[in-house]
Amino acid sequence: MDCKHFGACGSCTIYGLEYSEELRRKRERVSSLFGIDDIEIFPSTQTHYRARAEFRVWHSKNGKIDYAMGNSTRDGVILIEECPKVSKDINSKMWVLRDMIQASPILRERLFSIEFLSVSNGEILVTMIYHKRLDDSWEIESRELEKKLDISIIGRSRKQKITLSRDFLTQRLTIKGREYIYRYYELGFTQPNPEINIKMVEWVIDRVESSGDGGDFLETYCGLGNFTIPISSYFNRVLATEISKSSIKSAKENCQLNGVDNIDFVRLSAGELMEALSGRRSFRRLKDVDLDSFNFSTVLVDPPRGGLDMDSIELVSNFNKIIYISCNPDTLKRDIELLKDRYSIDKFALFDQFPHTTHIESALYLNRR
Ligand SMILES: C[S@@+](CC[C@H](N)C(=O)[O-])C[C@H]1O[C@@H](n2cnc3c(N)ncnc32)[C@H](O)[C@@H]1O
């Protein structure tokens, strides 16, 4: 990928390298961190791989607006004229959107940032975040914009959210030859690189299939059911938990959309799940779920960058098989240090979710020694 902002923009920090060299360096980093040579690598496409993006809106003194990003020295912003990593759908509309906002004082004034979400079918969801109260005149002009560009707009300001038509998009993912439907809601967590996401879910299915264990499956940090729903068909029953109320709501909706009925999605933090499973605390949220009736064989964790807390380490240590998806090799290393005496790393994969950055997404399959 080439971009005129390489070197100045703080978003892409790796540039001027052959992609094969970038991957080699990432591989080398995890290999030396974990002392492992056998690492499966899943490269990304080189351009238009990001299905979501967020830009600041920069207002110049002459009234002109631009998209802006933090600069590479982290002490200011740069104005963005191209961004070849955003999806084709976002790219095809974001520039004309900027020009149309530019032409309208009502839409332009005190506009602080714009977030984009796409699902590879031409549709995009656009959230416009303001430092002013949004009134009827804003709504009238935004509806015009929505119609002209064939997009879905949400306006946000302090304690205010205006959804003009809808606040979600429908993503269709073909995983192992089967199509799954997901509702992706504005603000809900979604994996940024859809092609790599499919490969990650398929990789997990391969692990589960080859273990041939069946039994029941536990997942924490499940989000909207991205892994849970395709994986559920390999187990009798599934318990999947997550801290975010809105993600659990969409996970339940996604279950229905896919005709899946063997998953209990429950809003519980990882710590609360541990308290519930160990019998230390009972939760009204679990009143319809008989925890003792599960015969868990495998656990999947996909925590945020901070990795697992001590409760979660204790939780996963009760399982024979652990699948750990990580977006931060440093916290992953810290957590694996606590597990390595009891578990062997049987598979290690590197998924390049974030090309042109130093971020690394890894997946590990651990078996009790
Ligand atoms: C990296 S995302 C993974 C989501 C999902 N596995 C996916 O593929 O879309 C991490 C998720 O963990 C959730 N989360 C953050 N802290 C948590 C906690 N303490 N307990 C449970 N879930 C948490 C977030 O809301 C988010 O949905």
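A crossing of two helices is called right-handed if the near helix is turned clockwise from the far one by less than a right angle. Keep that in mind for the close-ups below, which come from a predicted model.

**View 1. Helices α2 and α4 cross in a right-handed way.** Here helix α2, residues 88–102, meets helix α4, residues 136–149. Their axes come within 11 Å and cross at roughly 150°. Angles over 145 degrees count as roughly antiparallel, so α2 is roughly antiparallel to α4. On the α2 side, look for Lys93, Val96, Leu97, Met100 and Ile101; on the α4 side, their partners are Leu145, Lys148 and Leu149. The residues of this contact divide into six nonpolar, no polar and two charged.

**View 2. Helix α1 packs with helix α10.** This pair joins residues 19–34, which form α1, with residues 329–339, which form α10. How far apart are the axes of α1 and α10, and at what angle do the helices pack? The axes are 11 Å apart, and the angle is about 20°. Because angles under 35 degrees count as roughly parallel, α1 is described as roughly parallel to α10. The crossing of α1 and α10 is right-handed. From α1, the residues in contact are Arg29, Val30, Leu33 and Phe34, and they meet Pro329, Asp330, Leu332, Lys333 and Ile336 of α10.

**View 3. Val260 sits in a loop.** Find the loop between α7 (245–257) and β13 (263–267), and Val260 is there. Is Val260 buried or exposed? Its relative accessibility is 15%, and buried means under 20%, so Val260 counts as buried. Leaving aside residues up to four places away in sequence, Val260 touches Ile229, Ser232 and Cys255.

**View 4. The domain assignment gives the chain a domain 1 and a domain 2.** Domain 1 takes in two stretches, 26–45 and 192–368, while domain 2 covers 52–169. How many Å separate the centres of domain 1 and domain 2? Taken over C-alpha atoms, the centres are 34 Å apart.

Notes: Residues numbered from 1 in each chain as written. Predicted model: local features only at pLDDT ≥ 70, side-chain atom pairs only at ≥ 80, totals over all residues. Heavy atoms only, no water. Domains from an automatic or database assignment. Axes fitted to C-alpha atoms, helices over the stretch in contact; angles between N-to-C directions. Helix = DSSP H or I, 4+ residues; strand = E, 2+ residues; numbered from the N terminus. Parallel < 35°, antiparallel > 145°, perpendicular 65-115°, else oblique. Contact = heavy atoms within 4.5 Å. Buried < 20%, exposed > 50% of the residue type's maximum accessible area, 1.4 Å probe, protein only. Nonpolar A, V, L, I, M, F, W, Y, C, P; charged D, E, K, R; others polar.
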